[in-house]
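Visitor: I am new to this structure. Please show it to me, and then I will ask my questions.

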Amino acid sequence: MRSARPAGNVNRYYYKDMKYNVLLLGSGGREHALAWKIAQSPMLGDFYALPGNPGINAIAEGIEGKVSDFDLIRRTVVEKNIDMVVCGPEDPLVEGLKDFLKSCPDVKGDLLFVGPGKDGARLEGSKDFAKEFMARHGIPTAAYRSFTAEQRNEASAFLRSLRPPYVVKADGLAAGKGVIISQSLEEAEESLEHIFGGQFGSAGAKVVIEEYLDGVEVSFFVLTDGHGYLLLPEAKDYKRIWDGDKGLNTGGMGSVSPVPFCDGEFVEKVRSRIIEPTVKGLESENMDYRGFIFFGLMNCGGDPYVIEYNVRMGDPETESVMLRIDSDLLAHMAAAAGGDLSGQTIKVSRQAAVTAIVVSGGYPEKYGKGYPVSGLEALTDITVFHAGTAMKDGKLVTSGGRVLALSATGETIPDARDRVYSRVDTVSFDGSFHRGDIALDMINWPAGKR
């Protein structure tokens, strides 16, 4: 049973005495990793997940439903006496879930919500808004222009003014697949027509065309209370389906943390040029942003540039990042959502973490579902996060393209990678597939290259 909560805002001296009833929203590998970390907190009271998955629901009580059903979420918050809502996916944030809950008279006024309101969620919900925000606050990013369908001729003309490769982005949410990089002008103009033609639905009503940044991608994450922030471990993910970063874009085939080129000098550039101007910019524009911010960055010759913002943790980076946080994430989230992180210190492990995603055959295009999964019972020496699984007739089966995230830590990146890849073939289902080169580029990262 949770302790009685004082009236008014939660303060930083009260967290250690609390037991928080938590509702986690989502059903993927990211949410399983968050649940795994939350469950380690001595401050956790009752734990619920909506809808969860078989992995999550082994540590939290699953509630059937969809994260788009705001009224179901409201009823759950009230009926389960929830103290904190942690929103894993972006869609409910962009649609204004926090604002909705705060407006409901039957939801207690001191409900803690980890995630931005609808205004702050525009950082991910609209690439055009994010670009304009960066321009207003002097945050380094690629040069760009935005166009609507009525401006196709102007969009084509702007493409022709650029050098290849060409970057065309759907403005809105497109499940992480709304960015198309083309090597030829003809392909770029074709992708432009496809987006305006409805390839990503309403997300493509506007497009952002930007110059190509040549460098190495890296993901940074912060947890902010709207004023200050905690810097989480960085990570690198692998988007393409095939080894060597070939083939179609996916939701992510694996991740590694730490990233060798993120030394003290580079991290200080990220802090001073990107993170701090972003947090200060949100505050100056009166956005009460309390939650995670994901910075998709490009390291261009030692200088960081923003590719994109996300308003939640990334996937599959979270599966590696959570393994490297040695402090109490639930306490950090309570402090951030309560508006005061000043009493919090994050502890980051010196160990490395590697995650390899096992996917369904055919992914990221058409793939089958419902195939029995075997071998998990033998994976007791690494951490397995469920990403696309379900229970059918008492058996674990596949239910998505990305099925499992196999993660491990080690003293070094090679150690962590060896632990994952020594076990990855133990798990199997019809058509299962994984990349074989996750983290190899970071192991072989040349000394002195920036």
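Visitor: Which residue lies over the face of Tyr421?
Guide: This is a predicted model, where local features need pLDDT of at least 70, side-chain atom pairs count only at pLDDT 80 or more, and totals for chains, interfaces and linings use all residues. Residues are numbered from 1 along each chain as its sequence is written, and side-chain values use heavy atoms, with hydrogens and water left out. A charge sits over a ring if NZ of Lys or CZ of Arg is within 6 Å of the ring centre and within 35 degrees of the ring normal. At 4.3 Å from the ring centre of Tyr421, the residue is Arg417.

Visitor: Why is helix H1 described as largely enclosed?
Guide: Helices (H or I, at least four residues) and strands (E, at least two) are DSSP runs, numbered from the N terminus. Buried means under 20% relative accessible area, exposed over 50%, and partly exposed in between (1.4 Å probe, protein chains only). H1 spans residues 29–38 and is largely enclosed by the rest of the structure, because its buried residues number 9 of the 10.

Visitor: Which helices are included in what covers the buried residues of H1?
Guide: Contact means heavy atoms within 4.5 Å. The cover includes strands S1 (20–26), S2 (44–51), S4 (84–87) and S19 (383–386). It also includes two helices, H10 (317–321) and H11 (329–338).

Visitor: What kind of aromatic pair do Trp36 and Phe385 form?
Guide: Rings of Phe, Tyr and Trp (its six-membered ring) pair if their centres lie within 6.5 Å; planes under 30 degrees apart count as stacked, over 60 as edge-to-face and the rest as tilted. The count comes to 12 aromatic pairs. Trp36 and Phe385 are 5.8 Å apart centre to centre, with 80° between the planes, so the pair is edge-to-face.

Visitor: How many residues apart in sequence are the parts that this pair ties together?
Guide: Trp36 is partly exposed at 27% relative accessibility, whereas Phe385 is buried at 0%. Trp36 lies in helix H1 and Phe385 in strand S19, so the parts tied together are apart in sequence by 349 residues.

Visitor: What is the bridge partner of Val384?
Guide: S19 pairs with strand S22 (residues 402–410) in the antiparallel sense, over 4 bridges. In S22, the partner of Val384 is Leu406.

Visitor: Are the rings of Phe261 and Trp445 stacked, edge-to-face or tilted?
Guide: Phe261 is buried at 5% relative accessible area, and Trp445 is buried at 16%. The ring centres are 5.2 Å apart and the planes stand at 45°, so the pair is tilted.

Visitor: How many disulfides does the count come to?
Guide: A disulfide is a pair of cysteine sulfur atoms within 2.5 Å. The sulfur of Cys262 is 13 Å from the closest cysteine sulfur, in Cys300, too far for a bond. The count of disulfides comes to 0.

Note on methods. Pairing = 2+ DSSP bridges.
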